[in-house]
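Please open the model in a viewer and keep the sequence at hand.

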Amino acid sequence: MAEEVESRAVELDIHGKTRIFDVDDPILPDWIDEEALASGGYPYKKKLKDEEYLEELEKLQIELIKVQFWLQATGKRVMALFEGRDAAGKGGSIAATSAHMNPRLARVVALTKPTDREAGQWYFQRYVAQFPTAGEFVLFDRSWYNRAGVEPVMGFCTPKQYEQFLKQAPRMERLIVQDDILFFKFYLDIGREMQLKRFHDRRHDPRAVWKLSSMDIAALTKWKDYSEKRDRMLKNTHTDYAPWTVIRANDKRRARLNLIRHILLTLDYDGKDAKAIGEVDGKILGSGAQVLK
């Protein structure tokens, strides 16, 4: 007798309407497919063409190489945090940013679940150990801001730990900036239908199925909880010295280009080619303060 497989179909409230979503069903529902790109009020009706994206990306990646030479020459340090919705494209943005940089000087940090020893330390301690040294560019694929999102939503920290984090994070980040580390905080946001589409794509692509975690499945019904935690995070930790940059990432190509442009336009490196960098699209990239308004 064949073993019964437990269904992962969930009932979701989508804009006031009850919908059933089963990530294991190979057929993507029409209500997701038709609304994915426009979800969350996304401002463009079509994705950026691949040819245009690759052409622009090459120019920006050449500028990033200049940044590395500048960091080596000056000993300056850059650190960027990549946070956001599950499936928002954090990993792809990091990959696009670091693809052609010298890996000895551009390091990606993606910490796993803390060990028992780390769990007993000051919360920020294991992250501080990964901070950049002179001439280094460090990119965090998720960061200490786990405690502002996934941990309180999924019950992995206590309410006291959560509140303490929201008070301590701005103080700790002030020290980062005071030590002359060039510091970026990115939050990638996507619409709900786009998130469901990307979960479904991952589930049915043998090359990407590893990206779909049990945590993603558990979070399917917690969209509102994550939204509330995001807004609280932005309110409490967006500061003049360590601001949040929020990116609308329904179109991964536009998100990556504008994220990299923001980094390049912010840094005062040698040989900067303003024409090659271009301008940031204000429809795609904004500050945490703007999002809260």
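Is Arg147 buried or exposed, and why? Arg147 counts as buried because its relative accessibility is 13%; buried means under 20% relative accessible area, exposed over 50%, and partly exposed in between (1.4 Å probe, protein chains only). Before continuing, please note that this is a predicted model, in which local features need pLDDT of at least 70, side-chain atom pairs count only at pLDDT 80 or more, and totals for chains, interfaces and linings use all residues. Residues are numbered from 1 along each chain as its sequence is written, and side-chain values use heavy atoms, with hydrogens and water left out.

**First stop: the loop between S5 and H6**

Keep Arg147 selected; it lies in the loop between strand S5 (137–141) and helix H6 (150–154). Helices (H or I, at least four residues) and strands (E, at least two) are DSSP runs, numbered from the N terminus. Leaving aside neighbours within four places in sequence, Arg147 is in contact (heavy atoms within 4.5 Å) with Tyr123, Pro152, Cys157, Gln161, Tyr162 and Phe165.

Next, select Arg142, which is also in the loop between S5 and H6. Arg142 counts as partly exposed because its relative accessibility is 24%. Its phi is positive, at about 70°, although Arg142 is not a glycine. Most residues other than glycine have a negative phi.

**Second stop: Ala87**

Move to Ala87, in the loop between strand S3 (77–84) and helix H3 (90–98). Here too a residue other than glycine has a positive phi, near 70°. Ala87 counts as buried because its relative accessibility is 5%.

Select Pro26 in the loop between strand S2 (17–21) and H1. With a relative accessible area of 62%, Pro26 is exposed. Which residues does Pro26 touch, not counting those up to four places away in sequence? They are His200 and His204.

**Last stop: a negative surface patch**

Finally, select Asp30, Asp33, Glu34 and Glu35, which form a negative surface patch. Such a patch is made of residues with over 30% relative accessible area and no salt bridge, with like charges joined within 9 Å; a salt bridge is a side-chain nitrogen of Lys or Arg within 4 Å of a carboxyl oxygen of Asp or Glu. Within this group, Glu34 is found in the loop between helix H1 (30–33) and helix H2 (50–74). Glu34 counts as exposed because its relative accessibility is 59%.

Terms used. Patch = residues over 30% accessible without salt bridge, like charges linked within 9 Å, V, L, I, M, F, W, Y side chains within 5 Å. Areas by Shrake-Rupley, 256 points an atom, 1.4 Å probe, with all protein chains shown as cover. Lys, Arg positive; Asp, Glu negative; His and termini not counted. Charge placed at Lys NZ, Arg CZ, Asp CG, Glu CD.
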